[in-house]
Every structure is written in structure tokens, then in C-alpha cells.
Amino acid sequence: MSRNPTGSKKRSSAIGLLAIFGFLFLWHLLAVYRILEIPAPWRTFRVFLTLIVEGDPVYQRSLIQMALASLRTVVIGAALGFLLAIPLGLLIGWSRDIKDGLNTLLEVMRPIPPLAWIPLAYIIFAKSGNTTFHVQVFIVFLGAFFPTLVNTIHGVRSIEPIHFEAAKVVGARRGHILRRVVIPASLPSIVTGARIGLGIGWMCIVAAEFVGGKMGLGFYIWAAYSIGGKGEEIISGMISIGLIGYFMDRALLELEKRLLPWHFA
Amino acid sequence: MALCVEGISHHYGPLPVLENISFRIEEGEFICIIGPSGCGKTTLLRIIADLLPPSGGRVLFNGGRILADQGDIGYVFQENALFPWMTAAQNVAFHLEVRGVEKKERKRIVEEYLNLVGLAPFPDYYPKSLSGGMKQRLALARVLAYQPKIILMDEPFVALDAQTRNSLQEQLLELWAREKKTILFITHNFDEAAFMADQIVILTARPAHVREIIHVNLLRPRKRTSPEVCAVRDRLFEILAEEIARDKNGKFK
């Protein structure tokens, strides 16, 4: 810990800037001296900006449209994941019987990467009318579901017994304890789970878009590669993925601070 | 109205903790239970509060069972049991909410009791931004506000510095006199017991049984340093020193 928080903050943002410029410089060297077959940073950024403003002539879509398509899938899939994982996690966390009963099943399902579900998902949703979209939502759902579930269970499990007793001793009933003790006490952990879940969901969508569909950043990157290894376009897509992931996480972090003032104050 | 503890025994697995404990509290009395550390005082209090079923014996409250859902019990825990996710005002309101007190009335009572413990300026503070003494005052307000029939306190001032502790003891006595509550107060501090109690139940080292019950018929307000209070204190000190020595000789802790 630094004794001077302002000084420390200045130092860390200086290091941050230095790191970015160092990274760009290294990239520049690798590209210019053809150590790696990659486009140079400035050319990539020019393409990146063009793709945002004018779009890609091959697909007649801008990078923003591609990103929005991915985001839409992620938001739907992750929301479904949260909607199922949070109540289930509260239930499992609260009841030892349910936890013991479901533990093995969940622990075997959990290590299966969401991406390993893609082939099966295509079979499951083959006749659904909008197969690719449903598969992608399902994959994101899986990616978001498990971290949220695990963190919710953990959140409920780590509630201080004394808080339950403080509620019980005044005669609080289960519904009251759930609403006023269990949910608020485990909310920090739930939000952490949701942040991790959304991050994983975002990674999943890119991969799921490689496999099928005609929209989204994952599709775009893979398409740019398939039609001739267009490095600038590929990297532009990657940068978009990184930036959007970063801003989504920041947004959730802000929400967390608003939602849980007692946890941060 | 009285609380009768009748032949309470308890063991954790093979380990006997409480043995045949009996005493009686009249309405409006201030009782201290004192005993060496680790003798099972908290266990006894948890049994009285119906948080733990005893292995044997029973607790009678006005001839019946003590009922949490009737608002019989106020419990001040040793550790900080305030809800960190609620503000000071919300913490006090929670108990009233459970009791089904209407919102407007709740607000009035919360203000009254925050004011009573000197926390009126801090209704929107979260517990983590309150000092140790303020937290225990808030815990006190939380319990007093819903008017339980009996207040059980488990070494509530143990984590505080001596100055804060003394001041809170005095405030508690004032509140007790004002609200005419029955209070059962656990401590291992003989100064605290001698200064505060009408009746002191002294427990032995584990397995605890009642070693002696001292009635302290001294006028209030008492002075900590008065010869009478000091005499009680010295008596407690002697007995406890014996018990602690016995505990050390008898077994590992």
C-alpha cells in the first residue's frame, strides 16, 4: 500500500500509458521488420476506423452492427443464465439437502466447456426455425450460468450464522429471512458471479459465431480470415471484442458500487 | 411474570457443558451470569433464547415456553450481529418490520430509539462506518425498539475499550431504569457484574453448574468505587479465581 494514494494513482496511470505505448511499439517492430506476418498498428487502426464508420464493403455491415449482433445474443443468453442461476443458487445454498443432492450432477456438468456443447446444441435446436441464433444463445447461457450459480451458492453459504440467528431470535419467518437477509447478504457474491458469467458469455459468443451464422464479431473475424487472411480486419474485430468486454465489465462494476454501497463505502 | 431456568443440562457430543442449572428472574430484574471464559455461558443464553434445544431441563417463561415469534426475546450478541447491508435506521426497523409494525409507526419508533442511544445524527450510516461503541449502541436500540419481554445480552461490551465500556454500562442502566426491562446479562467481568446486577448467578468452570447466587441489594445509581460495590466485586473475584484455578488443574482448555 502506498502512503500517498494520489501519487500512487498517478504512478499507476503513468505505468498504464507506458504499457500501452510499449505494446504498440513492439507490435510496430514485429510488423515492420516482418518478424511476424501481421499488419502494422497504424494501418490496422485506419482499417478499424473505416470499418466502424463505413463498414466492410464485402458484407455491407459496419463493425458496430456486427458488435451489436453479438451483444444482443450475449445479453439474451446471459440474462437467461442469471435468471435461472440466481434463484437456483439461492435454493441450493440455503438447503443442505438440495445441495448434497444436486452436487454431483452440477460438478460433472461444470467442467464441460460451453463450446463442447455446440455440436449437441445444433442437434437439439435443429428444427427450432432459428437454429444458429438459438444455439448461440444457449452457449452463452451455459457460459454465464455456472459461474453465477457457483458464486450465488458460495454467497449464501458464507452468510454469518449470527445473521440468521439475529433474524430468527426476533421471530422472522423464512420469506422475511430470504428477502432481508439471504439475498442482500449474498448479493456481492452474486454480482461477482454475474460479472464473471458475462465475461465468459462474451468469450463464448465469439467462438459460437465461428461455427455458424452470418452476423457478429466472431463471424466477422472468421470470415475475414477465410476470404484471404485480412489481418487488419481480423485485428479490428479482436480489438472490438476486447474493448466491449472491458466496458461491459466496467459497467457492471459501477452498477455493483451503486447497488451495494455498504460493501464498498 | 418471571423466567425460570429449571435444571438445564447440555452436552456437545460427549463433552458436558452445562449441568443442572436453575435460577429464577423476576420481571424488571437485572441479572448477571458470570463464570470463567469458556464455561458455557453463551450456550446457556442460546438455550434460553430457544436458539438451541437443551439436552435436559426446561426454560419456563410465565409458566410457558419462550416464543421468538411472539416477540418475547431481545438478544444482543457478543459479536457484531448488525446487518452490514442495512443502514442504522434500517437495522432498527428490521425487528419492527418482522413484528408487523406499520411503516409510519416504524419510522417514529426508529427515530425515537436512535435518539435514545445518541445515534440520531447517523440514521443513514452503514454499520461499517460506525465505531465499536456506536455499533453496540445501535444493537441496543435495535433490541429495545421492539419492546421484547426479556433482553438477553451476551458479553455485549467485551470488545470495547474500558472507557467506552463504562459509559455504555451507565447508559444501559439508565435505559433499563427508564424502560423497566428484564435483562439477563452475561459477562466474565466482575466489575461489570458488581456495578450492574440485582442478582449475580456465578457459574463454575466447565461443566458449569451454579456455584452461588449473590443478591446485590444496593441502591442505584451505584458508584463503581463505593465500598459496597467493591465488596461484591472482591467476593466475585475470589470465587472466580478459585474456579479458574480449578479449571487449569482439572483439564486442558
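This talk covers the contact between chain A and chain B, then the pockets and cavities of the structure.

Some ground rules before the numbers. This is a predicted model, in which local features need pLDDT of at least 70 and side-chain atom pairs count only at pLDDT 80 or more, while totals for chains, interfaces and linings use all residues. Residues are numbered from 1 along each chain as its sequence is written, chains are lettered from A and ligands numbered from 1 in the order in which they are written, and side-chain values use heavy atoms, with hydrogens and water left out.

I start with the interface. Contact here means heavy atoms within 4.5 Å. Chain B brings 25 residues to the contact, and chain A brings 20 residues. The size of an interface is often given as the accessible area lost when the parts come together. For chain B and chain A that buried area is about 2100 Å², with 67% of it on carbon and sulfur atoms. Buried area is taken with a 1.4 Å probe and summed over both parts.

What links the two chains in charge terms? There are 2 salt bridges between chain B and chain A; a salt bridge is a side-chain nitrogen of Lys or Arg within 4 Å of a carboxyl oxygen of Asp or Glu. One of them pairs Arg180(A) with Glu97(B), at 2.9 Å from N to O.

On the chain B side, strand E5 (73–76) and helix H2 (88–98) each supply at least two of the residues that touch chain A. H2(B) has the largest share, 4 residues. Helices (H or I, at least four residues) and strands (E, at least two) are DSSP runs, numbered from the N terminus. By class, this side has 16 nonpolar, 2 polar and 7 charged residues. Ala, Val, Leu, Ile, Met, Phe, Trp, Tyr, Cys and Pro count as nonpolar, Asp, Glu, Lys and Arg as charged, and the others, Gly among them, as polar.

Now the pockets. On a 1 Å grid over the protein atoms alone, a pocket is an open set of points with protein on both sides within 12 Å along at least five of seven lines, a cavity is a set where a 1.4 Å probe fits but cannot get out, and lining residues have an atom within 4 Å of a point. Volume is the space filled by probe spheres set on the points, which are joined across faces, edges and corners.

The largest pocket has a volume of about 290 Å³. It has 14 lining residues, and those closest to its centre include Ala89(B), Arg106(B) and Val110(B). Helix H3 (103–116) of chain B gives the most to this lining, with 6 residues. The lining has 7 nonpolar, 1 polar and 6 charged residues.

The second largest pocket holds about 230 Å³. Its lining has 8 nonpolar residues, with no polar and no charged ones; Trp27(A) and Met238(A) are among them.

Last, the cavities. How many reach 30 Å³ or more? The structure holds 3. The largest cavity has about 70 Å³ of space, and H4(B) gives the most to its lining, with 5 residues.

Note on methods
Buried area = accessible area lost by both parts, 1.4 Å probe.
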